[in-house]
Amino acid sequence: MLLIRRYGIYQDILKLIKTDSLGNIIWKTGVGGNTDLIQINENEIALTGFSFVDQPEPEFDDLMWPTLEIYDFTNGENTFYYPFQYMNWAQGKSLTYDGSYFYMLTDNPDYAISKLYYSDTIWTRKYPDDLILNSICITDENFLVTTGYYLNNLMIFTLSPEGDSVSMYLKNEFQVQSGLKMIIDNDSLVLIGNAGTNNPISLNIYFLKMPISYLLTGINQINATKKNAVNVYPNPFHNQINIHFSENIDDQLYIQLYNIQGIIENKFMVESHEGTISLNSSQLKPGLYFVSISSKEKYFCTTMIIKN
């Protein structure tokens, strides 16, 4: 059994403890400022958190970097440690593993989600400042599921292993406060956290369970030859969004651009097309948006985009 126990009031004083079934300590070790732990195989566990470095001169800010650490399950020995120093002033919040790559959440929106191969960063995704991500896990189909809240609305994002947005779930019936934690249990997603309501005013612990298939609606409808047929860029964007079709699309396309509240900001209908369509987005306010592309017969993608 593995436990993380906090001593004192600071997150950078933690102990990692392994006990037997009777609670007798087999080994224990200090693990610094780590906040999440996963077992990656029979012999190893991985942690993410932060490394904190005091700067010697008062005019310099102290440094805090997200970290990835690996420990031997049998004896508690640290076998790998790496601080991601380019992600300055960030803390690793949640970690998952697909058998080859790690996926890490941080509290710095410039490096909100990263795909890692130990010390190498494969990709990283930027999210808006107001989007607070708390937990990440991976499905049997290797889709990433992240949960958090945006303007106190519960949000669940599904991403491909390449970091492309696949779907978004928004629940605004209550005001999410904190503490979102997520696990995948068989074919279901389970969430627990704190939420409040405005009428009547209350703060409660909530528990939410939904089928994974609900989040992945539309994914199986994507023809395998079409998965890379549509590319939406740049991301983040400013005054223009480009949608590139790498091959001829025979169907009539419906393109919708909607905001985080689900309100459609713009929509287009495009006849069979090959090449790039450019959409003027200068009228949009900075924030989080979604581009949905579909036809009468097929769903192509719903891509999350950010306007600076």
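Leaving aside neighbours within four places in sequence, Leu133 is in contact (heavy atoms within 4.5 Å) with Lys93, Leu105, Ala112, Ile113, Tyr127, Thr146, Thr147, Gly148 and Phe157. This is a predicted model: local features need pLDDT of at least 70, side-chain atom pairs count only at pLDDT 80 or more, and totals for chains, interfaces and linings use all residues. Residues are numbered from 1 along each chain as its sequence is written, and side-chain values use heavy atoms, with hydrogens and water left out.

Leu133 also belongs to the largest nonpolar core, which has 19 residues. Such a core is a set of buried Ala, Val, Leu, Ile, Met, Phe, Trp, Tyr and Cys residues joined through side-chain atoms within 4.5 Å. Buried means under 20% relative accessible area, with a 1.4 Å probe and protein chains only. Ile113, Tyr127, Leu131, Leu133, Phe157 and Leu288 touch the most other members. Two or more residues each come from β9 (102–106), β12 (131–138), β13 (144–150), β14 (153–159) and β24 (287–295). β12 gives the most, with 4 residues. Strands are DSSP runs of E, at least two residues long, numbered from the N terminus. Apart from this core lies another, of 17 residues, among them Val230, Phe245, Ile277 and Ile305.

Now turn to strand β6 (residues 63–72). Here 10 of the 10 residues are buried, so β6 is largely enclosed by the rest of the structure. Leu63, Trp65, Thr67, Glu69 and Tyr71 point one way; Met64, Pro66, Leu68, Ile70 and Asp72 point the other.

β6 pairs with β7 (residues 78–83) in the antiparallel sense over 5 bridges; pairing requires at least two DSSP bridges. Glu69 stands opposite Tyr81 in β7. The two strands form a hairpin with 5 residues between them, and Gly76 in the turn has a positive phi of about 80 degrees.

Definitions and conventions. Buried means under 20% relative accessible area, exposed over 50%, partly exposed in between (1.4 Å probe, protein chains only).
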